[in-house]
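Hello,

I am passing a structure on to you, and you will find it just below. After it come my notes on what turned up, written for someone opening it for the first time.

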Amino acid sequence: MSSTPIYYSKAEYIETDTGNKVSRRATISGPQNIILGGKTIICTGAIIRGDLRRVGPGHAVVISLGRYCLIGEGCVLRPPYKTYRGTFNYYPMKVGDHVHIGANSVVEAAAIGNHVEIGKNCVIGKFTMIKDCAKIADNTVIPPNTVIPALSSFSGSPGHFVEYLPESTQELVESSTKRYYNLFQPLDR
Amino acid sequence: MSATPSIRYHCQCIGDPQPPPPHLPSSSAWFHPLHSLFFCEECDAVRCNRCVSVEVSGYYCPNCLFEVPSASVRAEKNRCARNCFMCPHCRNTLSVVPSDPPDDGRSHAPINTTGEPPFYLYCNFCRWDSGEVGITLEKPTGLATQLQHLEDAASDSLEFERLKEHFEPIIRASSLSSSQSAAPPVHMHTNSIAAAASAALARDIPGISKFSRRGKDKSKNKDEFPEYKARLDVSTASVRGSAGGKVDVDHMRALETIGQVASLEQRWDNSWTTSLKASDLQPLRLPLHAKRSKRCPQCTHILIKPEQKAQSVRFKIKLVAANYLPSITVSLPHLDQLAARPSDAMKRSTSGRPEAEIPTGLHPGRSYPFHLTFTNPLYDPIQVRLAAQRMHVTGGDGTEKDRSKRPPYAVSLPSSAFAVAAFAEEWEYEDEDEDMYGLDDDYSLATRATRDEHKPKTKAVGVIEKRANLTTVGGEIVIGKDAHGPVKFNMMVSYAYRSDDGLQDEGGAAKAKAPETKTFSFYTVIDLGLIMQKPAPPTELDF
């Protein structure tokens, strides 16, 4: 709840027209296949694998992120893959608005809803579906193909349902992600 | 939580309107974060999750997200009747794999359309598969129906059927009295399970619910019950390798790892006669989740009513306290200064300050300013007045010795009322809001920097900052020489607002002595963190 700014080095981050702040030290592969919704922060050391696209001609969106997202330091976002009817393929990953992913988490989810909080050091298995306003505690391992229902909190390894989140979770997460973005300030040295 | 200052709100739960003393461990149950509280407009009172009455408004499977009609929930025994099974070992959700998993070993992704029968249930996490307990499936769909026969043959469900059969005549006989108990009494403290259970009990076995009510006809009915004879005798249970006995002893003799014994958690979800062997555990259908609506315990008005759709996070009715009470955040400026110094590239701005090496904690014998930021959620401005509750609340009559025992710290709060401006509709300053934030950060940084130069000297009590619907006031805490433990105190917040909530077109001009004002008071507990222990603590061991 602190109102002190979170500083970053101005030289390190690129700010886009829509307010995305992307670290130069993040690895963004296949940027033409990645959509950022605006006001999204991608921290140092994050890896976003937009290059792992579906085979076939033309343009394909691999990873799309909504607004006010945070991809923490050292996070890996990688589209899920499977062999279906004998052919290996990657599948797109869609992340909603106001999603915070803590440092060093590895995410291979198929879909993440809005207002989702994912803690530090989590592993989100392939094709996981995370519904709106869910929360994944730090150090949680979500096995592949798990569905995480709305307004529920998961933790442990394998991740289990812990509790229902309060009815005002949406407002809480929204204000905290907005606050985080506004506090994320450049420091000119 | 080391020294992060925090604030919690008191819910009286239809009890004593006075909050308990803040330092007792048991007091924490009475204080809640604002976002978890509700507000009943009828009673004009705060309600919390402990005191609201909860009802189930809908069931859904947490895996396939199917919304189960409540009519079929009971027949399906509160579990998913489609394809969702839980791993008996790690409780992960199982997936269906064909009989010949690809042999390259690395890809066990769901290949649920191609493969050939028989199919297995497979756990992606612990690699258990249903072949271990001899369960195979003919086709990859409708799993629950395929496995229904297993469930029906289980001794516990047979026993349950028998029980139902046994009570059937009694139900019919007392159907008359069941109509009386159709409406279960609304309990003050009830959770979803209790609510569902009491409703179900009252419906199913009226004879029993009648007993539990200690009715007048208790003795009369008691004798009407014929004796129930269990299908399975306890003494024979051991033969089946379940409840103790020689079989289990033999099994335990041959144990090699603890994992071979099914843990309590793994057996918990089963019935009473389960095998001790982990290798015998069977997959279970996934238990359903429920959406819940909540009612005020006193007037039974609905406080929370979710939308029908299971995965919707919207609510038809949502009376949360955050929309009524001002939200308060606490901060300790001396900690903020520490944090404010950008840690990475930090070339010690204004180094030689004495505060530079303050660790995160409070020292005895010093005084600290603290800031309380009030955010007004109402469309009208409010007048807030603060009062610290005396520390020695125990006796009521403030005894002198009581006070001497208490960790001696004194709290000063602004004594006069201060205003917090009205909340403007979001669209009114959504854009402006964001600009404002940007500006504001520069502004507050600048001011903070300048302010900090003088801070330790100036009197910190009073209104510090006002903007939008926020007002920050300062308070001060003076910590005694041999104080120890956490610094926690109760604070009463009263705010006056325009009571008549007819559609006033605008609140700004009419603010001063408007038609009629109402005052609402609530208690909070503020935790400013621990007092740092001196190297050699004094020998006091009171409380």
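**Strands, sheet and cores**

Strand 16 (residues 382-388) and strand 21 (residues 486-498) of chain B run antiparallel to each other, paired over six bridges. Within that pair, B:Ala388 has B:Met491 of strand 21 as its bridge partner. Please keep in mind that this is a predicted model.

Both strands belong to an open sheet in chain B, where six strands follow the order 2-1-22-21-16-18 with antiparallel pairing. Which strands stand at the edges? They are strand 2 (31-32) and strand 18 (418-420) of chain B; each has a single partner strand, so one side of each is left without a neighbour in the sheet.

Elsewhere in chain B, strand 15 (residues 367-375) has two pairings to look at. With strand 14 (residues 327-331) of chain B, strand 15 pairs in the antiparallel sense over five bridges, and B:Ile328 has B:Phe374 as its bridge partner there. With strand 20 (residues 470-479) of chain B, the pairing is again antiparallel and runs over nine bridges; here B:Phe370 stands opposite B:Gly475.

For an overview of chain B, the secondary structure comes to 14 helices and 22 strands. Of its 543 residues, 27% count as buried. Among contacts in chain B with a separation of 6 or more, 70% are between residues 24 or more positions apart.

In soluble globular proteins, nonpolar side chains tend to be buried together. The largest nonpolar core here has 54 residues, and the members that touch the most others are B:Leu37, B:Phe38, B:Ala321 and B:Ile477. Strand 21 of chain B gives the most to this core, with six residues. What does B:Leu37 contact beyond its neighbours within four places in sequence? Its contacts are B:Tyr9, B:Cys11, B:His32, B:Val46, B:Arg47, B:Cys48, B:Val320 and B:Ala321.

Another core, of 47 residues, lies apart from that one, and its members include A:Val22, A:Ile63, A:Ile101 and A:Ile148.

Is A:Ile34 buried or exposed? A:Ile34 counts as buried, because it has 20 C-beta neighbours inside 10 Å. Leaving out residues up to four places away in sequence, A:Ile34 touches A:Ile28, A:Ile48, A:Gly50, A:Val62 and A:Ile63. A:Ile34 and A:Ile63 are 29 residues apart along the chain, with their C-alpha atoms separated by 5.0 Å.

Happy exploring, and best wishes

Key. Residues are numbered from 1 along each chain as its sequence is written. Chains are lettered from A and ligands numbered from 1 in the order in which they are written. This is a predicted model: local features need pLDDT of at least 70, side-chain atom pairs count only at pLDDT 80 or more; totals for chains, interfaces and linings use all residues. Two strands pair if DSSP finds at least two bridges between them. Helices (H or I, at least four residues) and strands (E, at least two) are DSSP runs, numbered from the N terminus. A residue is buried if 20 or more other C-beta atoms lie within 10 Å of its own, exposed if 12 or fewer, and partly exposed in between; C-beta atoms are placed from the backbone. Two residues are in contact if their C-beta atoms, placed from the backbone, lie within 7 Å. A nonpolar core is a set of buried Ala, Val, Leu, Ile, Met, Phe, Trp, Tyr and Cys residues joined through C-beta atoms within 7 Å.
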